[in-house]
Amino acid sequence: MPAPERIPSRGLTEAGLRTLLAQGELTVLGRVRGASNAVLYCTVAYEGEERPCVYKPVAGEQPLWDFPDGTLAQREVAAYEVSEATGWGLVPPTVLREGPYGPGMCQLWIEADEADAADGSDDGSEAGDPGAHGLPPLLALVEDEKPGEGWKAVCFAEVGEGRTALLVHADDPRLRRLAVLDAVINNGDRKGGHLLPAPGGRLYGIDHGVTFNADDKLRTLLWGWAGEPLTTEAVEVLGLLSAGLEPGTALATRLAELITMAELDALRGRVAVLREAGCHPQPSGEWPAIPWPPV
Ligand SMILES: Nc1ncnc2c1ncn2[C@@H]1O[C@H](COP(=O)(O)OP(=O)(O)O)[C@@H](O)[C@H]1O
Ligand SMILES: [Mg+2]
């Protein structure tokens with residue numbers, strides 16, 4: 001299957017962006033507030049090119065009970081590598097590098113179209129209302145029992161004053177690809193704020209620190225296709241991934257530097273299970289596993 005055309009970031013190719021991120025001079029401009037880990041907003045400059053980026057030093061990672069300490073940056077890079085192997089380009093260029101606070105991950109900053117991102121505010125807007133940029137939002141809360149045309153139901157949510165509303169996400173092919181990627185990388189934290197629509201119609205997912213656990217950790221808002229058959233392109237991509245993850249391939253060798261052998265085996269296992277089932281995974285419990293807070 002031919003890879004979709006990649007849109008170079010203002011003149012730099014994907015590989016060029018990786019070089020810039022890995023080798024450029026990193027200048028920390030500030031800290032992103034409200035993040036659970038240290039997330040530093042920076043610029044990175046290399047051979048006359050400069051881009052905004054995030055730098056998450058390993059030293060600033062919050063310990064988690066279910067992940068080994070100091071491994072989140074590597075998981076972010078592993079998620080990028082797998083995304084690249086799909087050809088879908090869903091994760092911004094991400095590298096491991098040294099920085100002013102020690103080793104960490106460095107990722108291209110995506111200037112998101114805020115108006116098109118998560119809209120779980122229950123502000124009275126109807127699902128399907130276009131955002132300020134003319135594109136529909138990706139998430140919404142609706143009063144109805146069923147999602148409207150073009151929407152997929154996630155779950156019912158308490159919205160205060162004893163009221164419940166239906167959480168829905170757009171029936172959007174970009175989100176559907178992301179749902180497949182999340183199932184593959186076992187994403188434990190796909191929330192609304194991690195969906196970044198970029199100018200030009202691309203959609204990126206960010207924040208992939210809690211991924212690749214060997215145990216099932218899929219927690220996501222993108223349950224709308226649960227149990228539905230995978231698209232033809234997803235089946236093809238899973239076939240590519242299966243071959244790409246064979247021992248000795250460049251991808252498997254790279255991933256072995258970033259995650260454990262048990263996690264790499266579990267990754268192969270998830271790809272195999274998805275291919276065999278031929279459909280999107282379903283929540284394992286009675287309720288879909290939703291990240292908290294969802295946005
Ligand atoms: N590559 C990126 N492009 C644009 N914004 C980003 C990027 N990475 C992080 N951010 C912003 O920083 C916030 C915190 O980053 P996140 O990856 O969620 O950190 P944490 O690991 O603490 O959960 C995000 O919600 C988003 O607003
Ligand atoms: Mg986060």
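Start by selecting Thr43: at 17% relative accessibility this residue counts as buried (buried means under 20% relative accessible area, exposed over 50%, partly exposed in between, with a 1.4 Å probe and protein chains only). Thr43 sits in strand β2, residues 40-46 (helices, H or I of at least four residues, and strands, E of at least two, are DSSP runs numbered from the N terminus).

Before going further, a word on what you are viewing. This is a predicted model, in which local features need pLDDT of at least 70, side-chain atom pairs count only at pLDDT 80 or more, and totals for chains, interfaces and linings use all residues. Residues are numbered from 1 along each chain as its sequence is written, chains are lettered from A and ligands numbered from 1 in the order in which they are written, and side-chain values use heavy atoms, with hydrogens and water left out.

**Around Thr43**

Now show what surrounds Thr43. Setting aside residues up to four places away in sequence, Thr43 touches Glu25, Leu26, Thr27, Leu29, Glu50, Arg51, Pro52 and Cys53 (contact means heavy atoms within 4.5 Å).

Pick Thr27 from that list; its place is in strand β1, residues 25-31. Thr27 counts as partly exposed, at 35% relative accessibility. Beyond its neighbours within four places in sequence, Thr27 is in contact with Tyr41, Cys42 and Thr43. Draw a C-alpha to C-alpha distance from Thr27 to Leu40: they are 9.7 Å apart in space and 13 residues apart in sequence.

**Helix α4**

Next, select residues 232-244, helix α4. Its 13 residues should span 18 Å at 1.5 Å a residue, and the end C-alpha atoms are 18 Å apart, which agrees (the expected span is 1.5 Å times one less than the number of residues). Which residues of α4 are buried? They are Ala234, Val237, Leu238, Leu241 and Gly244. Seen down the axis of α4, these buried residues fall within an arc of 120°, so they line one face of the helix (the arc is that of the directions from the helix axis to the C-beta atoms). An α-helix has 3.6 residues a turn, so residues three or four places apart point the same way. To see what covers the buried residues of α4, colour α2 (72-86), α3 (173-185), α5 (250-258) and α6 (261-277), which are included in that cover.

**Two loop residues**

Most residues other than glycine have a negative phi. Go to Glu161, which has a positive phi of about 50° although it is not a glycine. Glu161 lies in the loop between β7 (151-158) and β8 (164-170), and at 78% relative accessibility it counts as exposed. Then jump to Asn186, in the loop between α3 and β9 (195-197). Asn186 also has a positive phi, near 60°. Is Asn186 buried or exposed? At 2% relative accessibility, Asn186 counts as buried.

**The largest pocket**

Finish with Ala35, Lys56, His194, Ile206 and Asp207: of the 42 residues that line the largest pocket, these are the closest to its centre. The pocket has a volume of about 1,100 Å³ (on a 1 Å grid over the protein atoms alone, a pocket is an open set of points with protein on both sides within 12 Å along at least five of seven lines, and lining residues have an atom within 4 Å of a point; grid points are joined across faces, edges and corners, and a volume is the space filled by probe spheres set on the points). The elements that give two or more residues to this lining are β3 (49-57), α2 and β5 (102-108).

Terms used. On a 1 Å grid over the protein atoms alone, a cavity is a set of points where a 1.4 Å probe fits but cannot get out, and a pocket is an open set with protein on both sides within 12 Å along at least five of seven lines; lining residues have an atom within 4 Å of a point.
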